[in-house]
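Colleague: I have a model open here and would like to go through parts of it. Can we start with the strands and then move on to the helices?

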Amino acid sequence: MTIAPPSASRPGHTGSRPRRRTRAGEPVPYDFRRPIQLSREHQRILMLGFDGFARQATTVFTSSLRTVCQLTLQTIEQRTYNEYVESLGQQTYMMLFAADPMTGLGVLEMPVPAVMSCVDHMLGGPGSDDQPDRPLTEIEGGVIKGFMDRLLNEMRYSLAAVLPLEPAAAAVEYAPQFAQAASPADVMVVVEFELRINERAHRSTICLPFSGLHPYLTNSSNPGPVSDRERAARAHAGQMLRQQMDHVPVSVAVRFHPTQLGPTDLSQVQVGDVLRLSHSSTAPLDVTLDGATFAHATPGAHGQRLAALIVNTPKENS
């Protein structure tokens, strides 16, 4: 006798294992002594600008190196300058640049092997993966400086909607711990990219001072000036909303002041018992809406129906 597996005995069952639910995200440590100052709105504005920079820089890399290149935006984070320096290798190519009118210095960083590969391509070489890991010579530095100036110019164009940036190269440093772009505790905005030259992937970063960016990010996130037509439309919409809200029915309750009873008293309550209320006979009743008191009233009657006469409101009491 052959026994069919459970998957075959149920019609419509495929027999595959149920999929595990994917995790929405991993927990990220948060230091309450150093609150995050880069808001989501500011990140969105910077992401739009640097995403455009990545596309323009891809064209610069491809046309200058005459090979397939791709620069892709990865993350935009807030870090201290010390954390940024510690995330770099012991030796890397760091171009420090002034970014008037933004205060402070910025950093355009690329690994030395990636810079050597760029120089090799621009001088007609194959740009192989085996590149020397050393500071550039004077000739190599002159070749790459023009290339970096083009990248800074593309950054100026891509961030023009956020701030009128005028980057200008100030110095080149290979040891991150000696690059004095900011003090160790200064808050920086670190933009990380993935640079692909042929099939080789490299990590490249741009570091900008948050204190210099913040005023321009705040101005960019504020809504623009409103025209007279839009202002009139908003006023009409507000008037219509007020007219409609005036006719919305709500449930209003007239209540005595609350009376507190212990569990023993509640357990002994029987039919016919009289409970003494803590509400004074001379005190007005509370008129409440959704548990909130907005007026006071005295009990009365209107014809054959019970009624309450409003005697004062919280505004009158204040």
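This is a predicted model: local features need pLDDT of at least 70, side-chain atom pairs count only at pLDDT 80 or more; totals for chains, interfaces and linings use all residues.

Colleague: Okay, what is the strand order in the open sheet of four strands?

Modeller: The order is β7-β8-β9-β10, and the pairing is antiparallel. β7 (252–255) and β10 (305–312) are at the edges with a single partner strand each, so one side of each has no neighbour in the sheet.

Colleague: And how much is the average twist from one strand to the next?

Modeller: It averages 45°.

Colleague: What holds strands of a sheet together in general?

Modeller: Strands pair through backbone hydrogen bonds, in either a parallel or an antiparallel way.

Colleague: Switching to helices. At what angle do α4 and α5 pack?

Modeller: About 95°, with the axes 10 Å apart; α4 is residues 112–122 and α5 is residues 138–158. Angles of 65 to 115 degrees count as roughly perpendicular, so α4 is roughly perpendicular to α5.

Colleague: Which residues make that contact?

Modeller: From α4, Val-115, Met-116, Cys-118, Val-119 and Met-122; from α5, Glu-140, Val-143, Ile-144, Phe-147 and Met-148. By class, nine residues of this contact are nonpolar, none is polar and one is charged.

Colleague: What about α2 and α4, how do they cross?

Modeller: Their axes come within 8 Å and cross at roughly 45°. α2 and α4 are therefore oblique to each other.

Colleague: Which residues meet there?

Modeller: Phe-61, Ser-64 and Leu-65 in α2 meet Cys-118, His-121 and Met-122 in α4. The contact of α2 with α4 has four nonpolar residues, two polar ones and no charged ones.

Colleague: Let me pick Ser-64. Is that residue buried or exposed?

Modeller: Buried. Ser-64 has 12% relative accessibility, and the cut-off for buried is under 20%. Ser-64 belongs to helix α2, residues 40–65.

Colleague: What does Ser-64 touch, leaving out residues up to four places away in sequence?

Modeller: Ser-64 touches Met-122, Phe-147 and Arg-150. With Arg-150, the side chains are joined by a polar contact of 2.9 Å.

Methods. Residues are numbered from 1 along each chain as its sequence is written. Side-chain values use heavy atoms; hydrogens and water are left out. Two strands pair if DSSP finds at least two bridges between them. Helices (H or I, at least four residues) and strands (E, at least two) are DSSP runs, numbered from the N terminus. Axes are lines fitted to C-alpha atoms, for helices over the stretch in contact, and angles run from 0 to 180 degrees between N-to-C directions. Angles under 35 degrees count as roughly parallel, over 145 as roughly antiparallel, 65 to 115 as roughly perpendicular and the rest as oblique. Contact means heavy atoms within 4.5 Å. Ala, Val, Leu, Ile, Met, Phe, Trp, Tyr, Cys and Pro count as nonpolar, Asp, Glu, Lys and Arg as charged, and the others, Gly among them, as polar. Buried means under 20% relative accessible area, exposed over 50%, partly exposed in between (1.4 Å probe, protein chains only). A polar contact is a pair of N or O atoms within 3.5 Å; within protein, one must be able to donate a hydrogen and the other to accept it, and residues adjacent in sequence count only if both atoms are side-chain atoms.
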